[in-house]
Amino acid sequence: MAKGDRKRALRGRAGRMKGGRGSGRAASGYVRLWGRHPVEAALKNPDRQHRKLWATRDAIETLDGELPPDFPVEYAEVADLARLVAKDAPHQGLVLECEPLDGVFLDDVANADPTRPVVVLDQVTDPHNVGAILRSAAAFGAACIVTQDRHAPPEGGVLAKSASGALETVPWVRVVNLARSLEELADAGYWRIGMAGEAEETLAVALPSGPVAIVLGAEGEGMRHNIAQHCDALARLPISSSIESLNVSNAAAISLYAVATRS
């Protein structure tokens, strides 16, 4: 929308943040997102229920799209917003509090388009890594990411900032039993490839022509033995011997690129 229209839509409905201070964390059960890309993507997501937007006047002018006329907005200064987010977080003048996204079932997304890869993460707990993997999943058209609920970071601002909007577009399937989910993927026709530095085959050799699930383990420990046992093949990336391994988010990006460009 035009800037003039946005001013009419947003101004006059918001005052300064009460007391100019925030608690530094969202209320129980809510998610707090910050930064232009995460906030804008969340505002555009019809599946996301919003509670409140805090913003500087300059930052709100950068948003693309129209907010509903009754959307709760409070204008605030940059220093005030810093009290609402993680320490030194780059909020870019925008902080949004909202409901967590509803859960997603594996069969709903994995069976929808088997030409799109599935990314399975085994105990990858760093929110920066999971966010970056979501971003790569969006870039290369992955159907979803799958994590074990007890061994994955919660939905939140750090993860969403690393995902740069992809948290709102890539389905995130949280499961109780990761091994059982790999069995379900096999039943659905997916070839499950576990990424392991000690594997003999490279990913290019191991890739099938049909549906594929890329399985990645945590940095350092790698995949657990039981998860590796539920893979149809193990594969490695052909990296130089001068470096031991890649960051898991980098490995995910390269693996997804390999799937997207396979002949």
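A residue counts as buried under 20% relative accessible area, as exposed over 50%, and as partly exposed in between. By this scale Tyr-257, with a relative accessible area of 48%, is partly exposed. Phe-140, at 30% relative accessibility, is also partly exposed.

The model described here is predicted. Its protein chain averages a pLDDT of 87, and 89% of the residues score at least 70. Residues 1–27 stay under 50 in pLDDT; for this stretch the model has 63 contacts beyond four places in sequence. Where pLDDT is low, the predicted coordinates should not be read in detail.

| Strand order | Number of strands | Pairing |
|---|---|---|
| S7-S6-S5-S9-S8-S10 | 6 strands | parallel |
| S1-S4-S2-S3 | 4 strands | mixed |

In the sheet of 6 strands, which is parallel, the edges are taken by strand S7 (172–175) and strand S10 (233–235); each has a single partner strand, so one side of each is left without a neighbour in the sheet. Direction ignored, neighbouring strands of this sheet are turned by 25° against each other on average. One of the pairings joins strand S5 (residues 118–122) to strand S6 (residues 144–148) in the parallel sense, over 4 bridges. Here Val-120 stands opposite Val-146 in S6.

Two helices lie across strands of this sheet. Helix H6 (residues 127–139) lies across S5, S6 and S7 and runs at about 155° to S6. Helix H11 (residues 248–260) lies across S5, strand S8 (191–195) and strand S9 (212–217), and runs at about 165° to S9.

The sheet of 4 strands has mixed pairing. Its edge strands are S1 and strand S3 (73–75), each of which pairs on one side only. Neighbouring strands of this sheet are turned by 15° against each other on average, direction ignored. S2 and S3 pair in the parallel sense over 3 bridges, and Ala-55 stands opposite Tyr-75 in S3.

**Helix H2 and the cores**

In helix H2 (residues 36–44), the buried residues are Pro-38, Val-39, Glu-40, Ala-41, Ala-42 and Leu-43. Their cover includes strand S1 (31–34), strand S2 (50–55), strand S4 (94–98) and helix H7 (157–163).

In soluble globular proteins, nonpolar side chains tend to be buried together. The largest nonpolar core of this model has 50 residues, and those with the most contacts inside it are Leu-53, Leu-134, Ile-145, Ile-193, Leu-203 and Leu-216. H11 gives the most to this core, with 6 residues. A second, separate core of 21 residues includes Val-118, Ala-143, Leu-182 and Ala-213.

Leaving aside its neighbours within four places in sequence, Leu-53 is in contact with Val-39, Ile-60, Leu-63, Leu-67, Phe-71, Pro-72, Val-73, Glu-74, Leu-94, Val-95 and Leu-96. Among these, Val-39 is one of the buried residues of H2.

**The aromatic pair**

A search of the whole structure finds 1 aromatic pair. Phe-140 and Tyr-257 form this pair, which is edge-to-face, with 6.1 Å centre to centre and 70° between the planes. The pair links distant parts of the chain: Phe-140 belongs to the loop between H6 and S6, Tyr-257 to helix H11, and the two are 117 residues apart.

Technical notes
Residues numbered from 1 in each chain as written. Predicted model: local features only at pLDDT ≥ 70, side-chain atom pairs only at ≥ 80, totals over all residues. Heavy atoms only, no water. pLDDT = per-residue confidence, 0-100. Contact = heavy atoms within 4.5 Å. Pairing = 2+ DSSP bridges. Axes fitted to C-alpha atoms, helices over the stretch in contact; angles between N-to-C directions. Buried < 20%, exposed > 50% of the residue type's maximum accessible area, 1.4 Å probe, protein only. Core = buried A, V, L, I, M, F, W, Y, C linked by side-chain atoms within 4.5 Å. Phe/Tyr/Trp six-rings, centres within 6.5 Å; stacked < 30°, edge-to-face > 60°.
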